[in-house]
Amino acid sequence: EEKKEEDKPEDYLMYVGRALSKAERAREFREKHASTEQAAGRAAGVNLYIKNLDENTTDASLRELFEPFGGITSCIAMKDDKGTCKGFGFVC
């Protein structure tokens with residue numbers, strides 16, 4: 001009897017190693033990502049949630065408020081149906 005391709009068992013690559021403690025996993029993670037953090041800067045690409053905004057806040061006024069702290073990728077003040085600020089926004 002000939003075996004068809006479908007009848008063959010699938011091959012999987014399996015990694016087996018000892019269990020790491022939380023501290024060991026954290027150290028390994030820091031070592032792995034240390035070079036990327038230093039190259040890109042620690043706060044690059046962070047999306048900030050801003051709350052307690054005035055209802056008259058616009059996207060432009062929020063951008064103007066945060067520009068002195070560095071480059072801004074995007075800036076939005078969340079608005080309701082009437083176009084007034086909901087009291088929170090995001091700056092990236």
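This is a predicted model: local features need pLDDT of at least 70, side-chain atom pairs count only at pLDDT 80 or more; totals for chains, interfaces and linings use all residues.
User: How many salt bridges does the structure hold?

Analyst: A salt bridge here is a side-chain nitrogen of Lys or Arg within 4 Å of a carboxyl oxygen of Asp or Glu, and by that reading the structure holds 2 salt bridges. In one of them the side chains of arginine 18 and glutamate 24 meet, at 2.7 Å from N to O, and arginine 18 counts as exposed, with a relative accessibility of 61%.

User: Which side chain meets that of lysine 79 in a salt bridge?

Analyst: The partner of lysine 79 is aspartate 59, with 3.0 Å from N to O. Because lysine 79 lies in strand E2 (residues 75–79) while aspartate 59 lies in helix H2 (residues 59–66), the pair ties together parts that are 20 residues apart in sequence.

User: Which strand is joined to E2 by bridges, and how do the two run?

Analyst: In a regular strand, side chains alternate between the two faces of the sheet. Here E2 is joined by 4 bridges to strand E3 (residues 85–91), and the two run antiparallel; within this pairing, cysteine 85 in E3 is the bridge partner of lysine 79.

User: What phi does glycine 83 take in the hairpin of E2 and E3?

Analyst: The hairpin has 5 residues between the strands, and glycine 83 takes a positive phi near 90° there.

Technical notes: Residues are numbered from 1 along each chain as its sequence is written. Side-chain values use heavy atoms; hydrogens and water are left out. Buried means under 20% relative accessible area, exposed over 50%, partly exposed in between (1.4 Å probe, protein chains only). Two strands pair if DSSP finds at least two bridges between them.
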